[in-house]
Amino acid sequence: MTKKPTIAVIGAGKWGQALHFALSQKQETLITSRTPRDIKNFTDLQTALNCDYLIIAIPAQQLKSWLKENFVFKNQKVLVASKGIEASTGEFLNEIYADYVPSSNIGFISGPSFAAEVIQGLPCALVLNSTSKKLYQEFKPFFPSFIKTYYSTDVIGAEVAGAYKNVLAIASGICEGLNLGKNAQASLISRGLVEMQRFGKNFGAKKSSFIGLSGAGDLFLTASSPMSRNYRVGLGLAKDKKLDEILEELGEVAEGVKTSEAIYKLSKEYNIYTPIANEVKLILEGKSPQDSLKDLLNS
Ligand SMILES: NC(=O)c1ccc[n+]([C@@H]2O[C@H](COP(=O)([O-])OP(=O)(O)OC[C@H]3O[C@@H](n4cnc5c(N)ncnc54)[C@H](O)[C@@H]3O)[C@@H](O)[C@H]2O)c1
Ligand SMILES: O=P(O)(O)OC[C@H](O)CO
């Protein structure tokens with residue numbers, strides 16, 4: 001008799017728990033995190049790492065050290081659920097994972113997906129991005145009927161879109177918080193889409209990823225709703241709150257904060273025009289949002 005494949009989610013934050021809920025609809029799915037949680041099928045890290053299939057939902061900035069300290073490759077198939085770019089090095093997550101997992105064994109989840117809706121079983125569409133279609137075909141049956149999955153080979157496009165939209169969601173939250181109006185917000189979001197596509201093109205991303213679920217889909221979701229943590233950071237900044245205070249109140253990760261630093265660094269290094277992301281980075285460092293608005297309107 002063939003052994004049933006085993007599957008585990010690593011990271012029991014909002015997204016890890018939502019994915020655990022979703023995958024548990026069809027098969028037993030383990031979950032683990034740094035601190036024990038009262039969740040069905042919670043297990044220790046070693047048991048999770050011994051599973052055939054892993055979904056890793058650890059924030060982007062913690063990933064490098066987490067992999068170094070914990071990860072041992074045992075031919076597991078991995079889906080990455082994080083959305084961000086490593087700020088200290090400007091590395092994309094696929095570059096960080098490349099030291100641990102071969103490209104045939106790894107995929108990246110993208111698309112509009114608030115954990116709070118997924119954990120209620122509300123319908124949603126996700127893209128599984130991998131150079132290996134076989135990997136997609138192996139993961140696809142794990143997803144429940146309320147999640148429609150699509151396949152793309154554009155790993156870098158998905159990564160750029162998922163990370164960049166978090167920065168644009170901060171900008172959009174600022175726009176809302178300053179009561180600049182719906183015209184301004186729609187302009188910001190659509191110019192943001194052009195900006196993230198320009199940035200992605202530099203690294204080999206496909207245009208089609210930006211007009212699909214990974215780009216426009218996730219951007220429209222995150223940059224238009226206070227359900228987004230990044231959007232709420234923007235709302236707070238517009239009300240002159242200090243970043244530390246905003247993040248403490250949030251109590252969850254807002255990837256756009258550090259990703260704005262990474263984009264700033266990469267756009268300087270590769271000479272890419274990224275005006276909105278740059279202003280977000282400067283506002284996070286203390287520039288007044290009103291001054292940023294003037295600079296954006298006149299650039
Ligand atoms: N929440 C969502 O709706 C959503 C949807 C799609 C993608 N994401 C992405 O998923 C990732 C995780 O987001 P989240 O919503 O679960 O965040 P969260 O703030 O709810 O939880 C983060 C989790 O990471 C764990 N963690 C933090 N530092 C760690 C470390 N050094 N080692 C091990 N574990 C560590 C925390 O214990 C926590 O369980 C982010 O990259 C986010 O952008 C989130
Ligand atoms: O709450 P946010 O801003 O981290 O966004 C969550 C998801 O990435 C939406 O797809």
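Predicted model: local features only at pLDDT ≥ 70, side-chain atom pairs only at ≥ 80, totals over all residues.
Reader: How do the residues of the shell around ligand 2 divide into nonpolar, polar and charged?

Author: Three are nonpolar, five polar and four charged. Nonpolar covers Ala, Val, Leu, Ile, Met, Phe, Trp, Tyr, Cys and Pro, charged covers Asp, Glu, Lys and Arg, and the others, Gly among them, are polar. Residues are numbered from 1 along each chain as its sequence is written, chains are lettered from A and ligands numbered from 1 in the order written, and side-chain values use heavy atoms, without hydrogens or water.

Reader: Which residues surround ligand 2?

Author: They are K83, G111, P112, S113, F114, K165, D218, L221, T222, S228, R229 and N230. They count because each has a heavy atom within 4 Å of the ligand.

Reader: What makes S228 a polar contact of ligand 2?

Author: A polar side-chain atom of S228 is 2.6 Å from a ligand 2 oxygen. A polar contact is a pair of N or O atoms within 3.5 Å (within protein, one must be able to donate a hydrogen and the other to accept it, and residues adjacent in sequence count only if both atoms are side-chain atoms), so S228 qualifies. K165 also brings a polar side-chain atom, 2.7 Å from an oxygen of ligand 2, while S113 uses a polar backbone atom, at 3.0 Å. The protein buries 91% of the 310 Å² that ligand 2 exposes when taken alone (Shrake-Rupley areas, 1.4 Å probe).

Reader: Which helix gives the most to the shell around ligand 2?

Author: That's α10, with three residues. Both α10 (213-222) and α11 (229-238) supply at least two. Helices here are DSSP runs of H or I with at least four residues.

Reader: On to ligand 1: which residues are closest to it?

Author: K14, A115, R229, V253 and E255, out of 21 residues that surround ligand 1. This shell splits into nine nonpolar, five polar and seven charged residues. α1 gives the most, with three residues.

Reader: How do you know that V253 makes a polar contact with ligand 1?

Author: A polar backbone atom of V253 is 2.9 Å from an oxygen of ligand 1. That falls inside the contact limit, so the pair counts. W15 does likewise with a polar backbone atom at 2.9 Å, and G13 has a backbone N or O atom 3.0 Å from a ligand 1 oxygen.

Reader: What domains does the shell around ligand 1 draw on?

Author: At least three residues come from each of domain 1 (7-153) and domain 2 (161-298). The shell around ligand 2 also draws at least three from each of these domains. Their bounds come from an automatic or database domain assignment.
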